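I opened this model to look up a pocket and a couple of residues. My notes are below the structure.

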Amino acid sequence: MRRREKFIISSILLAFGLLGVQYVSLQFRFIAILIFFIFSYLVSVWSLYEDLYGVEWLTIIPLPAMYGMAVSLFYFLLPNNWISRIFIMALFGVGMYALYLTSNIYSVAKSRTIQLLRAAHTIGLLFTLLTSTLITNFVFSLHLEFWLIGLLFFLIHFPLFLMALWSVDLQPKLDKRMWLATIIFALVIAEFGMTISFFPVSVWNASLLTTSLCYILLGILQNHLQQRLFRNTIFEYLSFAGLVFVSFFLLLKWK
């Protein structure tokens with residue numbers, strides 16, 4: 001069976017799996033989402049197994065599984081009607097197929113240079129940010145204690161940052177510099193999540209602000225690793241950071 005056929009079959013299976021999760025009673029919904037996460041990981045292994053080596057079990061496979069979990073958690077918050085379910089199901093399937101193609105490019109590009117790698121970096125970053133947005137939106141909607149928000153944010157963003165940083169060089173091993181950068185970035189996001197939980201800001205605005213910070217951190221370090229962190233690039237990210245900072249205070253709902 002060709003790879004693209006595997007990707008299509010996997011995407012369809014996971015799309016229907018996502019739909020099936022919504023028919024589980026609320027009492028067991030979180031258990032169903034956990035099972036769907038494991039199922040997404042196993043299906044992704046089946047789709048990409050041929051080119052998986054060593055560290056790629058931690059840097060390629062988790063993103064499709066985390067994307068599936070993120071959408072299933074967000075799906076949990078949607079109105080209970082067929083239109084929204086079918087629409088999200090279709091988008092999820094298309095997105096999963098695109099993510100499999102991106103993961104396949106990473107697997108191939110580790111052994112030879114291919115022109116699609118830059119496009120794969122863009123798509124990979126997009127899905128990383130989308131996954132972060134959906135999961136943080138769900139976490140903020142639970143209105144948990146600040147320390148628990150920080151813990152969940154660290155656990156969520158640690159693998160996301162690790163996968164995003166590894167995709168730049170596609171090295172066979174993860175060096176100390178990458179581990180250290182991942183830990184620091186995950187801690188920054190965790191502290192930001194704890195801090196923003198004290199401010200009167202809506203759930204969506206809080207999650208989008210968190211994702212904006214992820215974009216800034218990943219953008220700067222990825223450009224640095226690619227030796228493309230020029231003065232104008234730094235200025236663009238700092239300008240965006242300033243815009244986010246101003247937007248944060250404008251969106252506050254002070255009484």
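**Entry 1: the model.** I am working from a predicted model, not an experimental one.

**Entry 2: largest pocket.** I looked up the volume of the largest pocket and found about 340 Å³. I then checked what lies closest to its centre: of the 15 lining residues, these are Met69, Leu73, Ile135, Leu152 and Ile156. I noted four helices that each give two or more residues to the lining, namely α2 (29-48), α4 (62-75), α6 (117-141) and α7 (146-169). I also sorted the lining by residue class and got 15 nonpolar, no polar and no charged.

**Entry 3: Thr59.** I placed Thr59 in helix α3, which covers residues 56-59. Is Thr59 buried or exposed? Its relative accessibility is 3%, so I put it down as buried, the limit being under 20%. For its side chain, I found a polar atom 3.2 Å from the backbone oxygen of Val55. Leaving out residues up to four places away in sequence, I listed Met163, Trp166 and Leu174 as what Thr59 touches.

**Entry 4: Gln22.** I found Gln22 in the loop between α1 (3-21) and α2. Which residues does Gln22 contact, leaving aside neighbours within four places in sequence? I wrote down Arg29, Ser72, Tyr75, Phe76 and Arg85 for Gln22.

Notes: Residues are numbered from 1 along each chain as its sequence is written. This is a predicted model: local features need pLDDT of at least 70, side-chain atom pairs count only at pLDDT 80 or more; totals for chains, interfaces and linings use all residues. Side-chain values use heavy atoms; hydrogens and water are left out. On a 1 Å grid over the protein atoms alone, a cavity is a set of points where a 1.4 Å probe fits but cannot get out, and a pocket is an open set with protein on both sides within 12 Å along at least five of seven lines; lining residues have an atom within 4 Å of a point. Grid points are joined across faces, edges and corners, and a volume is the space filled by probe spheres set on the points. Ala, Val, Leu, Ile, Met, Phe, Trp, Tyr, Cys and Pro count as nonpolar, Asp, Glu, Lys and Arg as charged, and the others, Gly among them, as polar. Buried means under 20% relative accessible area, exposed over 50%, partly exposed in between (1.4 Å probe, protein chains only). A polar contact is a pair of N or O atoms within 3.5 Å; within protein, one must be able to donate a hydrogen and the other to accept it, and residues adjacent in sequence count only if both atoms are side-chain atoms. Contact means heavy atoms within 4.5 Å.
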